[in-house]
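Please examine the sequence and the model below before reading on. The paragraphs that follow lead from selected side-chain contacts to the overall fold.

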Amino acid sequence: WETGDSCKEEEFTRAVSLGLFDYLRKSHSRGFVVSLSGGADSATVATLCTLMADLAWQQLGPEGFAKKLSYLAFDQQPSSPGDWTRQLLACVYQSTRNSSETTRSAAENLAASLGAEFYEFDVDTLVEGYVKTVEKAIGRELSWETDDIALQNIQARSRAPGIWLLANLRGALLLATSNRSEAAVGYTTMDGDTCGGISPIAGIDKAFLRTWLCWMETEGPEGAEAIPELAAINKQQPTAELRPPGEGQTDETDLMPYVVLDAIERLAIRDKLTPVEIYQSLASEHERLQLVGWIRRFFQLWSRNQWKRERYAPSFHLDDENLDPKTWCRFPILSGGFKRELEELDRLFEQEK
């Protein structure tokens with residue numbers, strides 16, 4: 001596979017699978033728990049857990065596999081990679097009134113195809129309980145018109161206690177599912193989807209993850225099978241499903257196209273270009289006024305959300321673009337937010353007009 005057309009996808013699969021296996025055995029954990037939303041990120045993490053069992057079984061053999069995890073004791077010793085997956089991986093779909101049947105069905109079918117245990121938690125009553133408690137305390141009703149972000153975040157945070165409880169009961173590692181694109185701009189809820197003991201894809205951009213999932217749907221790595229059930233996830237537009245369904249919320253509407261976000265992030269953080277230099281680099285590819293808005297939005301969100309990156313669970317380093325501030329990419333928690341550089345960008349754009 002090292003010389004094939006899918007070398008990057010193959011290498012990513014093996015690197016993260018190995019990392020998960022080592023983290024599992026060295027922490028003496030009894031498996032993994034994933035909050036499976038029916039979206040791309042959690043689907044990637046759950047799929048990698050299954051591939052971990054498949055690839056480790058191939059390379060170590062039944063006896064070597066069992067020896068590496070000899071601290072685990074089951075009523076019936078697993079005798080195949082699928083048996084190990086059923087013992088080691090639990091997935092949970094956590095619904096609110098804003099969740100769709102599309103994502104629920106996608107999550108359930110994927111968990112079944114992976115051979116994982118699957119649970120469904122309805123957390124809507126928990127969300128309502130928090131909302132009513134706060135409304136009573138402050139003396140007014142909360143609404144989407146005035147309290148949009150707060151009402152989105154409480155849904156994500158209400159999913160954390162139950163999934164932590166299940167992980168504790170199983171003696172398992174809770175895996176966070178945030179990616180690098182979200183980390184760059186803080187498009188994640190602290191104490192919500194960032195919850196976990198390790199964050200295996202926090203160093204990987206969203207655009208690559210979506211490409212990898214399509215590859216897994218139709219091809220898959222050498223020595224493992226493709227997973228056609230990923231089609232239900234791949235055909236969706238990424239969405240947090242935290243606003244009412246009628247609003248048609250998508251990640252890219254909230255932010256910008258992921259391919260643009262990832263390009264700006266690489267130029268700004270890896271290559272250390274200024275907003276003006278990034279504009280000049282990308283101007284031929286996009287409508288210029290829109291590009292100015294995207295660049296401004298990126299730098300503002302990057303600067304405001306360093307505190308979130310400081311609190312991410314440990315992640316795997318797979319390339320030279322990791323944003324982990326503890327071991328790789330330092331940045332002030334409070335800063336001027338590139339104010340002068342963005343003013344220079346505005347002046348340049350006005351001159352061009």
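Which kind of contact do the side chains of Glu-352 and Arg-288 form? In this predicted model, the two side chains meet in a salt bridge, with a distance of 3.0 Å from N to O. Glu-352 belongs to helix 16 and Arg-288 to helix 14, so the contact ties together parts that are 64 residues apart in sequence. Glu-352 has a relative accessibility of 39% and therefore counts as partly exposed. Arg-288 is likewise partly exposed, its relative accessible area being 38%.

Side chains of opposite charge can pair when their charged atoms come close. In one of them, Glu-10 and Arg-14 meet at 2.4 Å, N to O.

Arg-170 is buried, with a relative accessible area of 17%, whereas Glu-117 counts as partly exposed at 32% relative accessibility. Salt bridges also join into a network, which links Arg-180, Asp-205, Glu-265, Arg-270, Asp-271, Asp-319 and Glu-321.

Attention may now turn to the aromatic side chains. A pair of aromatic rings is described by the distance of the centres and the angle of the planes. The structure holds 11 aromatic pairs. One of these is formed by Phe-298 and Trp-302, which are stacked at 6.2 Å centre to centre with 20° between the planes. Both residues lie in helix 14 (residues 288–304), 4 residues apart, or about one turn of the helix. Phe-298 and Trp-302 are both buried.

Trp-302 takes part in a second pair, with Phe-331: the ring centres are 5.6 Å apart and the planes stand at 75°, so this pair is edge-to-face. Phe-331 is buried, as is Trp-302. Ring pairs extend this arrangement into a cluster of Phe-298, Phe-299, Trp-302, Phe-331 and Phe-338. Trp-302 has a charged neighbour as well: the charged end of Arg-309 sits over the Trp-302 ring, 3.6 Å from the ring centre.

Leu-334 is exposed because its relative accessible area is 77%, exposed meaning over 50%. Ile-333 counts as partly exposed, at 46% relative accessibility. The C-alpha atoms of Ile-333 and Tyr-258 are separated by 24 Å, and these residues are 75 apart along the chain.

These contacts can finally be placed within the whole protein. The protein has 16 helices and 4 strands. Its radius of gyration is 21 Å, close to the 20 Å that the globule rule gives for 353 residues, so the protein is as compact as a globular protein of that length. The C-alpha trace spans about 70 × 60 × 35 Å along its principal axes. Buried residues make up 52% of the 353 residues.

Methods: Residues are numbered from 1 along each chain as its sequence is written. This is a predicted model: local features need pLDDT of at least 70, side-chain atom pairs count only at pLDDT 80 or more; totals for chains, interfaces and linings use all residues. Side-chain values use heavy atoms; hydrogens and water are left out. Buried means under 20% relative accessible area, exposed over 50%, partly exposed in between (1.4 Å probe, protein chains only). Rings of Phe, Tyr and Trp (its six-membered ring) pair if their centres lie within 6.5 Å; planes under 30 degrees apart count as stacked, over 60 as edge-to-face and the rest as tilted. Helices (H or I, at least four residues) and strands (E, at least two) are DSSP runs, numbered from the N terminus. A charge sits over a ring if NZ of Lys or CZ of Arg is within 6 Å of the ring centre and within 35 degrees of the ring normal. The radius of gyration is taken over C-alpha atoms; the globule rule is 2.2 Å times the number of residues to the power 0.38. A salt bridge is a side-chain nitrogen of Lys or Arg within 4 Å of a carboxyl oxygen of Asp or Glu.
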